[in-house]
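I opened my notebook to look up a few things in this structure. Here is the sequence and model I worked from.

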Amino acid sequence: MGEMEELRKEMENLKDQITAARKTFQDSTLQEAAAGVTVVGRVQLKTRKTLRGHLAKIYAMHWGTDSTLCVSASQDGKLIVWDTITTNKVNAIPLKSSWVMTCAYAPSGNLVACGGLDNMCSIYNLKGKDGNVKVMRELAAHTGYLSCCRFLSDTEIITSSGDCTCVLWDIETGTQKTVFAGHQGDAMSLGVSPDFKFFISGACDFTAKLWDIREAECRQTFGGHESDINAIGFFPNGNAVITGSDDATCKLYDLRADQELLTYQDSSIMCGVTSLAPSKSGRLLLAGHDDFNVNIWDMLKAERVGVLAGHDNRVSCIGVSTDGMACCTGSWDSFLKIWN
Amino acid sequence: MTIRNTLQDHGQRYRPRMACLKKSEKVLLEMQDPKTGLKSQPQRLVITTIPHAITGEDIIAWLADRLQVDTQEARSFGSMLVALGYIYPLQDHKRLVIKPDASLYRFQTPYFWPTQQWPVEDTDYAIYLAKRNIRKKGILEMHEQEHYNRLHKWMNHKWDFIVMQAKEQYRAAKERKKPDRVVFDCQERAYWVVHRPPPGTVSAMDYGLDRQIDPNSDEAVTPDFYERIMIFTQQSIMRPRVKSSVSIGALVKYCATYNNHDPFLSNCLPSNPWITDDVTFWTLNMPCVEIPTKMRVERWTFSFAELLSDTRGRDDFRLFLKKEFSGENLAFWEACEDLKWGKAASIKEKAEHIYKTFLARGAPRWINIDGKTMEVTVKGLKHPHRYVLDPAQTHIYMLMKKDSYGRYQKSPVFKDTVKKAICPDEHRFSGAQLEQNSKKRRPSLSPIILRQMEQEQRAKMAANIDITQLCRFTTPVPHLAVYSGFTDYSHCHRLTLPHLPGPHPGLSVPHQRGPGQHLGV
């Protein structure tokens, strides 16, 4: 027992050293730097389109890189690819397991992926020879549910799971390339950096971790949240990370300075954050909550500048298109709305 | 009372809701504060008097004042408190919302708060339904009757116990004074509306799926656990950090730079397709358009990464490099990208070609990298893998960024592009025209189609050129996989896609039909 106590003390000591190291580099705060920036003013977005067709709770959505197609997954067992301009369904893919929790669109537009309580990530080829959409691969090795997946290319995909690990897969062979272990709670979501060299994951151990894909190691860990982190995303320049948690707050962490910059919270918001997305310039942060609303924050000044209210149930997923023109929200009320 | 479940499992099942519930309780306690909270009064309801009742409008006003929000938000917040079961309505008890009028509400007793009574047991519900059945037969609603029948079937083995408990509770209740009994009945009824909602209600207790890892489970903490954390922490301390002022400055600058390019913050010209249903904006900004817009060209000056990631920008840059006779750098970079993201089967072949074209002594497009990097790369190429060219690629990338990029922006090629770039006039549609636009909506081009068109164009161009003077590694055309010679740009022209909107035969999105797939608007 004495040995354990010593080890624990040593660990605490090191953690204090890290806090001290971070403090020495903290010669300024975002509030100070943003004091001179002009105010954004009230941001009002209206619903431009409503995508109807799902029959049960929508759990996830993801934009394609062309900014007009998006894919959504719902617990009615369907993966639907939408043409958002006309609200037509381009593909309606029936799934083997209806307990789907995530979906992703490949940057090339050729593949979509989904997964959930079946512990597998299923990859579908949209570019099939006879026009059929078929399962191309089933990536099975996780021992927990699949909470999130994101493509790096047509040959690689990263998944996060309830078994606390994230995995980089080789799609062609269907095998695991790298397992990123380190979280102590379910890994709930992940985000890939704009240069595809790093990815971040948020978990139920209240921390977010930055992973180097090539070196296969965890570079940085960020704490500070008081509850499970449900959503995570990169700031558009790739140097900062935004997290959203069940404690109803979002936090901004800087990667290069290795510290927490801001917390986005308000006493009138008590329902947890389920999903988030930054706008193209990074100035606005859109966060979807359990209380059926989406809050829009001015990221530099930490002020709430807008609310999107239109759903009749929890907002489960949100995404801003690549060209930044529209934001799509998906909800448990089975509708997707495009806002602008 | 009921024999309650004595399991310690509180940490796991209500985890997703816990933070929210704690916040609600704080607000609720403030609301009940005798000095600063809500003013309650006894209300007459039919023949009895209910003590401590509050009106909906009072609740909303108090919340709006306390949280500093407008009435609409205060109303949503109030409704959330009702949906979670902290406040219950006296009239219209099945609808868990706050009405902004004189409707009456009461605070729920802490005994029935969601945090106290978790998990909510089916046994308790069965006893409750049985009790109500005993009191007056036929009083159960349709959904309650269905629940009752279902529970009767599944709990048949302990039904005697349940009925006994129900009778006991009923008897005990009769011994209470009438006003107390009425209040307790209301509270209990409200509790079950929250936890066993009537069909069609959006339940606030619905938290989705369970988390897998139980935070309350005592993980055997081994020395290894601490060792791992310490190694990681030590590495972390040694990592280079940047002063936060520098990093923050960069964030603020990024926001300012892209402010005009953010469609949520500034207008886009000629008009936002989502608002006017006119897709000119997207047509003008296609990947391989001949003449780019001014905004797009401006983005190329923001960073080198931005220039390279835009196909049109890269083309312009390539043109400039050709004039400087340093086109091999970009060609090498593109070849590395192709190797990194392409199929595993082709890695060996591509690596060989790259070596022959760019790295070998006397290679036709030899790139200038330092000795050490060259050594490492050549050694790695003996057993090529996806990232074998990373050091060399990074070196060339930095070279282009620090040297060529700056010169590009001052070059006549770029200046010419800037001059020719279009700045479309803003659309001014009348109401009738907007209607017309919405009728003329066409489906968007699938990215697969776009890429196929691009590839066809390139194949066509490549087929017209002498085979020793090949080009283009952006999308290598499969049957012409020879990297040699140098690009002849005079033959390559920009892809001009047919002008949209307007019906065009070859450009409809392939509607993928398969057995059992339904496609409707």
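My entries below go from the chain contact to the sheets, and then to some single spots.

**Ground rules.** I'm working with a predicted model, so I noted that local features need pLDDT of at least 70 and side-chain atom pairs count only at pLDDT 80 or more, while totals for chains, interfaces and linings use all residues. Residues are numbered from 1 along each chain as its sequence is written, chains are lettered from A and ligands numbered from 1 in the order in which they are written, and side-chain values use heavy atoms, with hydrogens and water left out.

**Where the chains meet.** I looked up contact first, which means heavy atoms within 4.5 Å. Chain A puts in 126 residues and chain B puts in 95 residues. Next I checked the buried area, meaning the accessible area (1.4 Å probe) that two parts lose on being put together, summed over both. Between chain A and chain B that comes to about 9,400 Å², and carbon and sulfur atoms give 60% of it.

I counted a salt bridge when a side-chain nitrogen of Lys or Arg is within 4 Å of a carboxyl oxygen of Asp or Glu. Side chains of opposite charge can pair when their charged atoms come close. The rule finds 9 salt bridges across the interface of chain A and chain B. One of them joins Arg17(B) to Asp290(A), with the closest N and O atoms 3.5 Å apart.

For polar contacts I needed a pair of N or O atoms within 3.5 Å; within protein, one must be able to donate a hydrogen and the other to accept it, and residues adjacent in sequence count only if both atoms are side-chain atoms. Across the interface, 24 residue pairs are in polar contact, both residues at pLDDT 80 or more. On the side of chain A that touches chain B, helix H1 (residues 2-24) gives the most, with 13 residues. My helices (H or I, at least four residues) and strands (E, at least two) are DSSP runs, numbered from the N terminus.

**Inside helix H1.** Lys9(A) and Glu5(A) form a salt bridge at 4.0 Å, N to O. Both lie in helix H1 of chain A, 4 residues apart, about one turn of the helix.

**Two sheets in chain A.** Two strands pair if DSSP finds at least two bridges between them. I traced an open sheet of 4 antiparallel strands in the order S10-S11-S12-S13. Its edge strands are S10 (146-151) and S13 (175-181), each pairing on one side only. Strand S12 (residues 165-170) pairs with S13(A) over 6 bridges, antiparallel, and Thr165(A) stands opposite Ala181(A).

The other open sheet I checked has 4 strands in the order S2-S3-S4-S5, with antiparallel pairing. Here the edges are S2 (58-63) and S5 (88-94). S2(A) and strand S3 (residues 69-74) share 5 bridges, and Met61(A) stands opposite Ser72(A).

Is the peptide bond from Leu269(B) to Pro270(B) cis or trans? I read it as cis, with omega near -5°. Pro270(B) is in the loop between helix H9 (244-258) and helix H10 (273-276). Gln68(B) has phi near 60°, a positive value in a residue other than glycine. I found Gln68(B) in the loop between helix H2 (56-67) and helix H3 (71-84).
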